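Me: I've got a model open and want to go through it quickly. Can you take me through the residues as I ask?

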Amino acid sequence: MEKGKDTHESSLAVNFARAQSKLQAINNTSLASSSEEYQKQARNLIELLRTCSSQVDSLSLFSSNETVEDYSTSELKLILVNAYLGEALQKLNSRDDRAAVLEDAISQYRLFLTTCQALSIIKQSEDIDRILSRKDKSASAKSNPVDAGTSRVQKIERFKRMRAMQQSIAELEAKLSGNDATEGDDDDMEEVEREHAVKLIELKVYQVIDDIDMLHSEIEMAKQMEAMKLKNADQDKREGSAPRGDKEPDWRLDSQSYSQIDPRTGKAAHPILNSSGQPMRPFILTNDRQRIKDSVFRPDWALPTMTVDEYLQQEQERGNIISGGGKEPDEKPEIDDNDHEALDADTLKKRDWDDFKDDNPRGMGNRGGNRG
């Protein structure tokens, strides 16, 4: 019986090591999260982690009656199974049952935090008490309101601790890789490996706290989207129309033709294309590609389209310019130099005008208005 248990634990350790390797690979992959290959890797990882979780439950490894000192280093690492499973569930791109998947991820995170708290791996904190005190796993953050300033301070503190912990983990990994190790330090390396496992668990606790707060907000949005879809489906059913998701796409040539009315018959117009894609009636294709292309390198302001002369010519053709009119005044005849009487009369006239200007300087008639 003991031999079978050892074999079970051995297979559990192998599966957990494979799961860790796959999780690291999918976190560092360059694939898009919506791609089929990425989703396939995520599903395989979830299946492997569920196998590890069921193996841990069947062995009853962790108990609230024991402490962290009662477990070996290899057993301590298995505490991360539920945390890794919650992280993997977040990677699934399931639109129809997104809320259920996220609630499953929160459940796995809660199991992980509960185990860590039972084994006294983590200290008592307000964040963990707030998360574990939620009886309803789907309850939103609104049911447990947290002051925005307090939440911000807590996030900053967690971030600083995570930075320091990541640096400490990097130093421990350097020691485990053999760079700083010497012969005869097996006991010391065992302590380093154990400290490394505990640090990984503590770091994951901080990451899980941030993820849970984010997941609750995403669940609310997912439920609102599902309610909106159900409302639209019920409305379409009552109106007797096709579901909104089955409507014709906008790029179809005949997407709007079914709602058009033929002015000659007063009935709905026939579609432009039939089911085979063949045209059923004449239509006109319009292409704004050249117009858009010509306007790419144009300035932001409006440029002139004609010269001033062309504009005046156009206005004259429209009849907006008045030409002609009355008789032009005759030009003043020049005085003959031999006509002394005319010259004297002109000189007297100029003298009289000069005397008038001397007696009436410029602005004299406006003195009252210029006075302060």
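Reply: Let's start with Arg-43, which lies in helix H2. Helices here are DSSP runs (H or I, at least four residues; strands are E, at least two), numbered from the N terminus. This is a predicted model: local features need pLDDT of at least 70, side-chain atom pairs count only at pLDDT 80 or more, and totals for chains, interfaces and linings use all residues. Residues are numbered from 1 along each chain as its sequence is written, and side-chain values use heavy atoms, with hydrogens and water left out.

Me: What is Arg-43 in contact with, leaving aside neighbours within four places in sequence?
Reply: Glu-36 and Leu-92. Contact means heavy atoms within 4.5 Å. Arg-43 and Leu-92 are 49 residues apart along the chain, with their C-alpha atoms separated by 7.4 Å.

Me: And Gln-39, where is that?
Reply: Gln-39 is also placed in helix H2, residues 36-59. Gln-39 counts as buried because its relative accessibility is 6%.

Me: Zoom out. How many helices and strands does the protein have?
Reply: 12 helices and 0 strands. From the N terminus, the order of elements reads α-α-α-α-α-α-α-α-α-α-α-α.

Me: How much of the protein is buried?
Reply: Buried residues are 26% of the 372 in the protein. The accessible surface is about 27400 Å², and 49% of that belongs to carbon and sulfur atoms. Areas come from the Shrake-Rupley method with a 1.4 Å probe; for residues, only the protein chains shown count as cover.

Me: What share of the contacts with a separation of 6 or more comes from residues 24 or more positions apart?
Reply: 61% of them.

Me: Which residues of H4 are buried?
Reply: Val-81, Asn-82, Ala-83, Tyr-84, Leu-85, Gly-86, Glu-87, Ala-88, Leu-89 and Gln-90. That makes 10 of the 10 residues in helix H4 (residues 81-90), so the helix is mostly covered.

Me: New topic. How many salt bridges does the count come to?
Reply: 8 salt bridges. The rule is a side-chain nitrogen of Lys or Arg within 4 Å of a carboxyl oxygen of Asp or Glu.

Me: Which residue does Glu-103 form a salt bridge with?
Reply: Lys-223, with the closest N and O atoms 3.4 Å apart. This pair links distant parts of the chain, 120 residues apart: Glu-103 sits in helix H5 (residues 98-118) and Lys-223 in helix H8 (residues 186-239). Glu-103 is buried at 15% relative accessibility. Lys-223 is partly exposed, with a relative accessible area of 32%.

Me: What about Arg-318 and Glu-315, how are they placed in helix H10?
Reply: They are separated by about one helical turn, because they are 3 residues apart in helix H10 (residues 308-318). Arg-318 is exposed at 54% relative accessible area, whereas Glu-315 is buried at 11%.

Me: Why does that spacing work?
Reply: An α-helix has 3.6 residues a turn, so residues three or four places apart point the same way.

Me: And Asp-346 with Lys-350, what do their side chains meet in?
Reply: A salt bridge, at 3.5 Å from N to O. The two are 4 residues apart in helix H11, so about one helical turn separates them. Asp-346 is partly exposed at 23% relative accessibility. Lys-350 is exposed, with a relative accessible area of 52%.

Me: Now the surface. Which residues gather in the patch of negative charge?
Reply: Asp-336, Asp-337, Asp-339, Glu-341 and Asp-344. Patches take residues with over 30% relative accessible area and no salt bridge, joining like charges within 9 Å and nonpolar side chains (Val, Leu, Ile, Met, Phe, Trp, Tyr) within 5 Å. Lys and Arg count as positive, Asp and Glu as negative; His and the chain ends are not counted. A charge is placed at NZ of Lys, CZ of Arg, CG of Asp or CD of Glu.

Me: Where is Asp-344 found?
Reply: In helix H11, residues 340-359. Asp-344 is partly exposed, with a relative accessible area of 48%.

Me: Which residues form the nonpolar patch?
Reply: Met-306, Val-308, Tyr-311, Leu-312 and Ile-321, with about 450 Å² of accessible area together. Among them, Leu-312 is placed in helix H10 and is partly exposed at 41% relative accessible area.

Definitions and conventions. Buried means under 20% relative accessible area, exposed over 50%, partly exposed in between (1.4 Å probe, protein chains only).
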